[in-house]
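Welcome! Open your viewer, load the model and follow along stop by stop.

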Amino acid sequence: MLELGCPAQRLHYPGKGTEGGKHEQEQTTGKQRSETKSRNMEMSQKHSSESMSKDLSELMKEATKEVHEQAENTPFMKNFQKGQVSLHEFKLVTASLYFIYSALEEEIERNKNNPVYAPVYFPVELHRKAALEEDLEYFYGSNWREEIPCPEATQKYVDRLHYVGKNHPELLVAHAYTRYLGDLSGGQVLKKIAQKALQLPSTGEGLAFFTFDGVSNATKFKQLYRSRMNALEMDLATKRRVLEEAKKAFMLNIQVFEALQELVSKGQENGHPGQPKVELRTRNVNKSHEHGPAPGKESERTKKRHTNMIPSTPLVRWILALSFLATTVAVGLFAM
């Protein structure tokens with residue numbers, strides 16, 4: 001006889017079957033989440049690997065794009081194009097650049113045979129220390145080493161360069177690329193602006209920093225440099241560190257001219273004039289005109305030019321002057 005009733009497997013016992021089903025469902029959900037997370041990580045790693053497979057020079061430009069845009073949109077970047085700049089601030093910037101390039105090139109020489117830097121070693125074409133020494137002697141005179149200041153932020157940049165060169169030479173290329181190719185790209189434009197704004201000699205005195213005698217064709221040389229840099233052997237982790245170092249290099253530059261701004265501001269608060277008592281063109285006039293016009297007349301013209309070229313407010317003067325340091329990196333790298 002057929003027995004009526006619910007099949008045994010359908011019997012429900014409160015507190016037992018429900019919890020078991022819930023536990024099984026939680027396990028399934030947890031497993032699905034784990035699988036989804038794993039897939040996402042794999043996709044992210046794959047995307048990161050594909051992204052990092054690009055040329056190092058391209059990655060460098062992409063990594064620093066944000067800070068470049070920030071600098072490009074600041075007022076001094078636009079005002080500088082008008083050619084308004086004070087000689088005193090320009091001299092301070094040149095002094096800081098001297099300390100920076102001295103440290104950079106000391107570490108480059110230390111690592112010139114190291115495979116992590118050797119392919120991009122171009123001392124004749126790129127090194128700036130000797131050019132800056134020439135400019136500083138023109139600006140300050142023969143005792144320029146005793147006169148030029150080295151603000152704390154500049155020393156911080158110098159210390160970082162020495163640390164990298166001694167401990168992590170694979171990161172040195174980030175600083176070299178950021179500075180040298182930026183200078184080479186924007187140098188000629190900045191040279192013309194500075195020459196006109198400061199009324200410096202057409203023969204190039206005071207502007208050696210912007211003159212790359214060892215580079216006959218800037219476009220072709222930059223292509224060569226980038227190809228050498230892209231050929232450097234680096235794993236993904238090292239590439240990421242190099243990109244971070246490039247951003248750090250840019251920020252160190254920003255900190256340098258912020259410190260110079262503070263230096264000039266303190267001088268003005270203490271009642272010191274923005275210009276030193278003895279200016280460059282007046283001091284060097286005898287040397288420049290041994291076979292030319294009378295020194296007295298040239299001195300009067302120089303004083304008049306310096307007076308007319310200085311903006312009326314300290315803030316505007318400083319903003320315009322600091323663009324030499326910023327544009328060398330920002331504008332220059334955008335032109336690469």
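## The whole chain

Start with everything shown: of the contacts (heavy atoms within 4.5 Å) in the protein chain between residues at least 6 apart in sequence, 84% join residues at least 24 apart. This is a predicted model, where local features need pLDDT of at least 70 and side-chain atom pairs count only at pLDDT 80 or more, while totals for chains, interfaces and linings use all residues. Residues are numbered from 1 along each chain as its sequence is written, and side-chain values use heavy atoms, with hydrogens and water left out.

Switch to a cartoon view, and you have 16 helices and 0 strands in the protein chain. Both are DSSP runs numbered from the N terminus: helices are H or I with at least four residues, strands E with at least two. Of the 336 residues in the protein chain, 44% are buried. Buried means under 20% relative accessible area, exposed over 50%, and partly exposed in between, using a 1.4 Å probe and protein chains only.

## Two crossing helices

Next, select α2 (residues 56-63) and α11 (residues 218-230), whose axes come within 8 Å and cross at roughly 100°. The axes are lines fitted to C-alpha atoms, for helices over the stretch in contact, and angles run from 0 to 180 degrees between N-to-C directions. That makes α2 roughly perpendicular to α11, a label for angles of 65 to 115 degrees. Show side chains for L56, S57 and M60 of α2 and for R226, M229 and N230 of α11, which make the contact.

## Into the core

Which residues touch the most other members of the largest nonpolar core? Select M60, L126, Y225, M229 and V242, out of 62 residues in that core. Such a core is a set of buried Ala, Val, Leu, Ile, Met, Phe, Trp, Tyr and Cys residues joined through side-chain atoms within 4.5 Å. Helix α5 (87-110) gives the most to this core, with 12 residues.

Now centre on Y225: leaving aside neighbours within four places in sequence, Y225 is in contact with Y117, V120, F122, L126, A176, Y177 and L181.

Stay with α5 and pick S96, which sits in that helix. Is S96 buried or exposed? S96 is buried, because its relative accessible area is 0%. Not counting residues up to four places away in sequence, S96 touches P151, T154, V256 and L260.

## Last stop: α7

Finally, select α7 (residues 129-140), a helix of 12 residues. Colour A131, L132, D135, L136, Y138, F139 and Y140, which are buried in α7. Just after α7 comes G141, with a positive phi of about 100°.

Technical notes
The expected span of a helix is 1.5 Å times one less than its number of residues. Angles under 35 degrees count as roughly parallel, over 145 as roughly antiparallel, 65 to 115 as roughly perpendicular and the rest as oblique.
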